[in-house]
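Subject: Structure handover

Dear colleague,

Here is the structure to look over. My notes come after it.

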Amino acid sequence: MNNPLVSVIVPVYNSEKFLKRTIDSIVSQTYRNLEIILVNDGSTDSSLEICKLSRLNDSRIVIIDKENNGASEARKDGIRRAIGRWVMFVDSDDTIEPNTIEQLLSYDDGSYQIIVGTLNLIPTNGQKTVFCHKRYGALTKDEYIAALLLNETSVGPVAKLIDRELFRSISMDIDAAIVQNEDFLMLLELSMSLDKKVFVTNDVVCYNYIFRNNSISKSVVMPIDVWWKVFEHVERSLSKGSDVCVAQELFTYKIRRIYDCCLLKGVNINSYRNLIEDLLSEASGYILSAKDMEILSIVSSPYKSVLCSTWSKFKRVIKPYLKFILLRE
């Protein structure tokens with residue numbers, strides 16, 4: 001199909017400051033065959049009114065108004081409504097470049113079910129950094145899943161065209177306690193359903209991901225037992241494809257999440273030492289990088305892990321006070 005319909009899904013929650021800019025970046029795309037699905041997730045500000053005003057000016061806009069249940073559920077509602085050949089997600093406080101969809105579709109030669117561009121990472125000071133995929137080109141299912149596990153490609157839902165048919169074969173049922181890595185879990189499930197390849201490119205910088213100081217995802221700290229629920233979800237997803245061989249990558253994913261998302265956020269992991277020891281018993285079967293060997297050394301030692309988490313917690317507590325003092329001076 002030379003002119004496929006693309007369904008752009010935008011979960012909207014209390015985004016009145018940024019929403020019009022986000023919508024404008026979508027409706028002004030050089031590629032015109034779009035349906036734009038704005039899912040108002042129980043906003044209490046003027047976001048719904050902004051959606052309605054935008055619809056008056058563009059008949060391609062569809063509005064779903066629902067009770068608040070989180071961005072992941074909002075995306076599901078959008079997917080259920082979507083009729084496009086491809087699905088694209090855009091967050092309601094970000095923007096896409098004018099030719100984003102046209103550029104990504106230029107790679108659609110029938111060989112791929114996910115087409116991945118890259119993005120500008122924009123902190124509050126406005127200085128852009130381009131995210132670079134470490135694995136790119138035409139990737140097989142195994143290669144793409146390995147890249148997701150090792151953070152060698154973007155693990156969020158944005159800056160991608162995703163074949164809508166892939167969503168038919170996944171449940172996207174995620175334990176409510178899991179408030180991090182939901183997007184990664186969705187991508188992993190989608191990847192397990194692949195019949196064709198994934199194309200990943202660093203040449204199409206198509207999405208502007210704007211960091212917010214009040215981002216929930218940055219401030220939340222999940223307990224280690226909830227991370228074990230994440231790991232179990234990953235293993236269930238991978239078990240659906242007996243031909244997927246990413247055991248070492250899965251092990252690496254686990255120890256990095258324990259280190260990055262627990263220890264470096266001040267969580268003492270020793271109360272779950274039995275779970276840690278079960279995980280570490282796998283380590284001898286893998287060849288790890290120097291970085292991962294260092295992480296393994298910290299995770300495996302009760303003394304080092306307590307020292308690491310205590311120092312991390314201290315830095316998290318003291319940082320706001322230091323900032324306050326510096327601003328006063």
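This is a predicted model: local features need pLDDT of at least 70, side-chain atom pairs count only at pLDDT 80 or more; totals for chains, interfaces and linings use all residues.

Residues are numbered from 1 along each chain as its sequence is written, and side-chain values use heavy atoms, with hydrogens and water left out.

Ile115 sits in strand β6 (residues 112-122); strands (E, at least two residues) and helices (H or I, at least four) are DSSP runs numbered from the N terminus. Ile115 is buried, at 0% relative accessible area (buried is under 20%, exposed over 50%, partly exposed in between; 1.4 Å probe, protein chains only). Beyond residues up to four places away in sequence, Ile115 touches Trp86, Leu104, Tyr107, Asp108, Ala159, Lys160, Leu161 and Phe199, where contact means heavy atoms within 4.5 Å.

Tyr286 lies in the loop between α10 (273-280) and α11 (290-300) and is partly exposed, with 23% relative accessibility. Leaving out neighbours within four places in sequence, Tyr286 contacts Ala247, Gln248 and Phe251. Its C-alpha is 46 Å from that of Asn2, 284 residues away in sequence.

There is one cavity of 30 Å³ or more (a set of points on a 1 Å grid over the protein atoms alone where a 1.4 Å probe fits but cannot get out; lining residues have an atom within 4 Å of a point). The lining of the largest cavity consists of Ser72, Arg75, Lys76, Met172, Ile174, Glu182, Asp183 and Met186. Helices α3 (71-81) and α6 (182-192) each give two or more residues to that lining.

Regards

Definitions and conventions:
On a 1 Å grid over the protein atoms alone, a cavity is a set of points where a 1.4 Å probe fits but cannot get out, and a pocket is an open set with protein on both sides within 12 Å along at least five of seven lines; lining residues have an atom within 4 Å of a point. Grid points are joined across faces, edges and corners, and a volume is the space filled by probe spheres set on the points.
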